[in-house]
Every structure is written in structure tokens, then in C-alpha cells.
Amino acid sequence: FRRYLAGNVIGTIGFQMQGVAVGWELYERTHSALALGLVGLVQVIPIILFFLPVGHLVDRHDRRTVLIVSLVGVAAAALGLALVSLLHGPVPLIFGFLFLSGACRGLLGPAKSALLPEIVPLASFQSAVAWNSGGWQLAAVIGPALGGAVLALTRLPHLVYVIHAVLALAFVVLLLGVRSAPQQRPPVVASLDSLLEGARYVWRSRILLAAITLDLFAVLFGGAVALLPIYAKDILQVGPAGLGWLLAAQSIGAVAMTIALAHRPPLQRAGPALLLAVAVFGVAMIGFGLSRSFLLSVGMLVVAGAADSVSVVIRMTLAQLGTPDHLRGRVSAVNSLFIGTSNQLGEFESGAVAAVAGPVASVVLGGIGTLVVVGIVAGKWPEVRKLKRLEEVST
């Protein structure tokens, strides 16, 4: 687990560094909020197109091997971005390599999630999820800050992309030392019915469906990551180094919260905690949208990140504890589809609304939309309000 966790951290640092460089380079070259939104769209399209066969692939083959192959693809896409940036190639090529990166990450996410229960005992799983989430968030603090610093010092985006490729391959090296204990899974025959089995399972599990739906629409409306380059350059006027800290701020709050969750007993009222956390996230995003102070803006993003980490730990624990092992790959693929859809389409939605109404209106309206979603989910799925310990849904 330490090797897995360390690899996930350094791989995520590289991915977050790349996000800073891509956003800054595109805005420098296009001065378009819509172009920033398209970064999310082109990375989510392959996740939508391939999530069914991806889940099937993860359940049929060794999950560690699948994860290694996906990481090699991520590194190749990063090197492609470096070449385009170095040669000042056409902008559509940037989006092409982002599409490839999105396709590889669409495979990487379900493989990582499904591999974790093969490494960690079930009794320790909620704590492992919290540590894993905390490690990811720690990387999301270091990555944007480091990416912004490298970019501010060198003004060379291609250098950031090369660093991402190197760190992704370092994750591969660490995985070579991981020995999992795979469960005996029944053979899965490739068919449309088996591809859809994960989606059907999620649909039948009302608690899991509610948690995923809440995450999907809350982040779809409440995400403002795509607009942070505009806030850094035009509204707060803090440059690329400030952009790195804005991108890192949510993860600073998330790291603090996940450390607290990892050291405390399992949540006793997980459902109400989930609803409250997403509501706090929406309020914090409204505060960020209205702020003109760099310190206040960072503070609002820290609060949003802390709230979001509670949601992530609850949702990921629900998805793994409540899913039979032979379906974990396909259910993880469905979960990754929702996560990718909410994050990447949320970036596109933010960019599109900002192009019409301005960045401030986009963020504030998104925060209001998040609060509306919390109310709808609480009313439609009363099971969420009543959920106490997460072990109640364990298989």
C-alpha cells in the first residue's frame, strides 16, 4: 500500500503540474475562456465513450497490469504535449494529446480503484481510502504550486509536460513492487450484458446512485477550476505563481480534512455529513466568486476543498464496500465516468457560461446550483439522510 500510495502521489503531482501549464499556455495563446472550458470537454469525451469496455477490461485482466499500461499512455501523451509546446505547434494538436491523456486516465481511474481492495484488508478500507484521498490531495497541493513555480521561473510549459511524463513512469516503477492478493472472480464473457452489469448495479443501489448523482451535479455546477487562470491574470492579478496557489488551495483544505478523517473512528452519520459537506462546498464557491481579495479567495477554496474531501471519502467507501469484487472494475468505471463527467464537463460549463455572462457570474451561479442539487437529492433519496455507518451497505 505504501508503494501504491507513493506512486499515486507522485503521479498526481505530475498531472496537476500539467494542468497549470496547459491552462496558462492556452490562455496565453488564445485569450479565450471557452478554450479553457474545452480542456475539460476533450478529456471527458473518451471517458464517456469507453467507460463500458474499460470496466470490463479491468474485471477480466490483472488490475495492476492494466494500471501500468494506462500510466505508460499518460506519459506518452505528456511527451506529445511537450513536443507541440516546444515547436509552438497548432492549438488543435494540444487538444488531441489531451484527448489521448483523457482516454488513458479513463482506464487508470477504475484500475486504481479496483486494485485498492486487493492491497488493503476490508476492515481497514475506510482509513485506506482516507489516506489515499489525502495523498492525492497533498499531491494536488504540491503539483499546482510546483507547476506554477516552474512556469513562473522558466516560462517553458514543455518542461512541465516532460516532468509529468517522468513522474508517471516513476509510478510504474513503484507498481512493479506491488503484490496484490486478487480475489477469485468468476470468468466474465465479453458481451453487451456483461458490459452493462456495472451500470445496472449502480442503478439498483439507491444509496450509491444518490451519492454519485450528488457528486456529478454539485461539481458540474460548482467547479471553477477552468476559470482560475482568468481570476489569476485578470481579476486578482497574481500571475502564474498565484495561479499555482489558487489551484492548490482546495487541496490544502482537503489534506487537512482527510488527515482528520483517517485518524478518527468511522463516521456515525455519514449521510447527513455528505449532504452538509456538499452544501458547504456550494457556499464556499459563491464566496470565492464574489471575492476580490487573493487571501479571501484562497480561504474560500480551502473551505471548499475540505468539504469536498468529506464527500469523496464517503462516496469512494460506499462504492467499494458496497460492491462485490467481481463487479468492482465495472462499478469503478461507472463511478469514474460520473467523476470525470462532473469535473471535466464542469470545466466546460464554467467556461461556456463565463464566455457569455462573465467569470464571476459563472462561479456564483454554479454555487447556487450546487445548493439546489443538495436539496433535490435530500428530498428524492431519503436513504441518504438516514444513512449512519458506511458499514451498513457493506457486502
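Is Ala254 buried or exposed? Ala254 is buried, at a relative accessible area of 0%, where buried means under 20%, exposed over 50% and partly exposed in between, with a 1.4 Å probe and protein chains only.

All views show a predicted model, in which local features need pLDDT of at least 70, side-chain atom pairs count only at pLDDT 80 or more, and totals for chains, interfaces and linings use all residues. Residues are numbered from 1 along each chain as its sequence is written, and side-chain values use heavy atoms, with hydrogens and water left out.

View A. Helices here are DSSP runs of H or I with at least four residues, numbered from the N terminus. Leaving aside neighbours within four places in sequence, Ala254 is in contact (heavy atoms within 4.5 Å) with Gln137, Gly305, Ala306 and Ser309. The C-alpha atoms of Ala254 and Ser133 are separated by 8.4 Å, although these residues are 121 residues apart along the chain.

View B. Not counting residues up to four places away in sequence, Ser311 touches Asp215, Leu274, Ala277 and Val278.

**View C. The largest nonpolar core, of 59 residues.** A nonpolar core is a set of buried Ala, Val, Leu, Ile, Met, Phe, Trp, Tyr and Cys residues joined through side-chain atoms within 4.5 Å. Leu67 and Leu214 have the most contacts inside this core. Apart from it lies another core, of 47 residues, with Val22, Leu227, Leu247 and Met285 among them.

**View D. The two aromatic pairs found in a search of the whole structure.** Rings of Phe, Tyr and Trp (its six-membered ring) pair if their centres lie within 6.5 Å; planes under 30 degrees apart count as stacked, over 60 as edge-to-face and the rest as tilted. The ring centres of Phe1 and Tyr4 are 6.3 Å apart and the planes are at 20°, so this pair is stacked. Phe1 is partly exposed, with a relative accessible area of 30%, whereas Tyr4 is buried at 1%. The pair of Tyr231 and Phe288 is tilted, with 4.7 Å centre to centre and 35° between the planes. This second pair links distant parts of the chain, 57 residues apart: Tyr231 belongs to helix α9 (residues 228-235) and Phe288 to helix α11 (residues 270-290). Both Tyr231 and Phe288 are buried.

**View E. Charged side chains over the rings of Phe15 and Trp381.** A charge sits over a ring if NZ of Lys or CZ of Arg is within 6 Å of the ring centre and within 35 degrees of the ring normal. Arg105 lies over the face of Phe15, at 3.6 Å from the ring centre. Lys380 lies over the face of Trp381, at 5.5 Å from the ring centre.

**View F. Positive phi values at His88 and Gln237.** His88, a residue other than glycine, has phi near 55°. His88 is in the loop between α3 (63-86) and α4 (91-119) and is exposed, with a relative accessible area of 56%. Gln237, in the loop between α9 and α10 (239-263), also has phi near 55°. With a relative accessible area of 61%, Gln237 is exposed.

**View G. Confidence along the model, as pLDDT (the predictor's confidence in each residue, from 0 to 100).** The protein has a mean pLDDT of 82, and 84% of its residues reach 70 or more. Among its elements, helix α6 (residues 157-175) has the highest mean pLDDT (95) and helix α7 (residues 192-204) the lowest (66).

Terms used: Helices (H or I, at least four residues) and strands (E, at least two) are DSSP runs, numbered from the N terminus.
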